[in-house]
Structures are given as C-alpha cells and as structure tokens.
Amino acid sequence: VQLQASGGGLVQAGDSLRLSCAASGRTFSSYAVGWLRQAPGKEREFVAAISRTGGTTYYADSVEGRFTISRINAKNTVYLQMNGLKPEDTAVYYCAAGLRLVTNPTSYDSWGQGTQVTVSS
C-alpha cells in the first residue's frame, strides 16, 4: 500500500489541524494505520494508531484527549484531528501502515512522506 500524508501547516498554540493520509490500493482495509512524528534532533515517536476496522485506537500519553484518529475505508483515508496544539507538537508527521496494530515505529511496513506541523507559542 502506498500512503500520502497532507494537511500540515503553521498554527498557533491552541489551534487545530486535521491531517489526512490517503492510501492507494484495494487492500487498504487490511492494514492498521498509525501516525508517527519526528521533531528535529529527536527519534521518531508513536502518536496514534487505528485498527483495520477502526474499532480500536491507541494514543500516546502526550496526545491523549487532544488528538483523534479515524478512518474511512471507503475513501482509503485515515485522519488525525489535532486539537489544542502545543509548541511541543511541532514535528514532521508521518502515516504508516502495517498488518498489526502496533505502537512501535519500527514495526510498520509502509510509510508515506511526512507533512510538517509547526506550532508557534
């Protein structure tokens, strides 16, 4: 599966953004999808993940209650709604797909290009 992330931008603290991850291929619904991010000088970290059907979601503690991951398989798209953004959320955000619902960034098989999110204070 090929993935393409979009929706990043420059916002102020407290603002909201919605990221989209568009997938190609008829087997999109066979994959769990995650959002991960990487800030300058830091390792890539898990943000959120959603199961193949959307029935199960995982979140990093740092975004729990502020971010919501969802998917519409008929549109081959996964979303990340980000509310209450903080400067520490600044990073390049990636979507990735895998056969299992996981939080370890190294366990994902397919990656999209990143989209930059910058939150000013």
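Rings of Phe, Tyr and Trp (its six-membered ring) pair if their centres lie within 6.5 Å, and planes under 30 degrees apart count as stacked, over 60 as edge-to-face and the rest as tilted. By this criterion, ring pairs link Tyr-94, Tyr-108 and Trp-111 into a cluster. The model is predicted, so local features need pLDDT of at least 70 and side-chain atom pairs count only at pLDDT 80 or more, while totals for chains, interfaces and linings use all residues. Residues are numbered from 1 along each chain as its sequence is written, and side-chain values use heavy atoms, with hydrogens and water left out.

**Aromatic cluster and charges over rings**

- The structure holds 2 aromatic pairs. In one of them, the ring centres of Tyr-94 and Trp-111 are 6.1 Å apart with the planes at 75°, so the pair is edge-to-face.
- Tyr-94 belongs to strand E9 and Trp-111 to strand E10, so this pair ties together parts that are 17 residues apart in sequence. Strands (E, at least two residues) and helices (H or I, at least four) are DSSP runs, numbered from the N terminus.
- The rings of Tyr-108 and Trp-111 also form an edge-to-face pair, because their centres lie 6.3 Å apart and their planes meet at 75°.
- Burial is defined by relative accessible area: buried means under 20%, exposed over 50%, and partly exposed in between (1.4 Å probe, protein chains only). Tyr-94 counts as buried at 16%, and Tyr-108 is buried at 6%, whereas Trp-111 is partly exposed at 30%.
- A charge sits over a ring if NZ of Lys or CZ of Arg is within 6 Å of the ring centre and within 35 degrees of the ring normal. Arg-44 lies over the face of Trp-111, at 4.6 Å from the ring centre.
- The charged end of Arg-71 is placed over the ring of Phe-28, 4.5 Å from its centre.

**Disulfide**

- A search of the whole structure finds 1 disulfide, a disulfide being a pair of cysteine sulfur atoms within 2.5 Å.
- Cys-21 and Cys-95 form this bond, with their sulfur atoms 2.2 Å apart. The link is right-handed, with 75° about the S-S bond.
- The bond joins distant parts of the chain, since Cys-21 is in strand E3 (residues 17-24) and Cys-95 is in strand E9, 74 residues apart.
- Both Cys-21 and Cys-95 are buried.

**Strand E4 and its partners**

- Strand E4 (residues 32-38) is mostly covered, with 6 of its 7 residues buried.
- Two strands pair if DSSP finds at least two bridges between them. E4 and E9 run antiparallel and are joined by 7 bridges; among the bridged residues, Ala-32 has Gly-98 in E9 as its partner.
- E4 is also antiparallel to strand E5 (residues 45-50), with 5 bridges between them. Here the bridge partner of Leu-36 is Phe-46 in E5.
- E4 and E5 form a hairpin with 6 residues between them, and Gly-41 in the turn has a positive phi of about 75°.

**Ser-110 in strand E10**

- Ser-110 is located in strand E10 and counts as buried at 15% relative accessibility.
- Contact means heavy atoms within 4.5 Å. Not counting residues up to four places away in sequence, Ser-110 touches Val-1, Leu-3, Cys-95, Ala-96 and Ala-97.
- A polar atom of the Ser-110 side chain lies 3.4 Å from the backbone oxygen of Val-1.

- Thr-103 lies in the loop between strand E9 (91-98) and strand E10 (110-111). Thr-103 is partly exposed, with a relative accessible area of 39%.
- Leaving aside neighbours within four places in sequence, Thr-103 is in contact with Phe-46 and Tyr-58.
- The C-alpha atoms of Thr-103 and Glu-64 are separated by 14 Å, the two residues being 39 apart along the chain.
- Asn-76 is found in the loop between strand E7 (67-72) and strand E8 (77-82). Most residues other than glycine have a negative phi. Asn-76, although not a glycine, has a positive phi of about 50°.

How values were computed. Polar contact = N/O pair within 3.5 Å; in protein donor to acceptor, adjacent residues only side chain to side chain.
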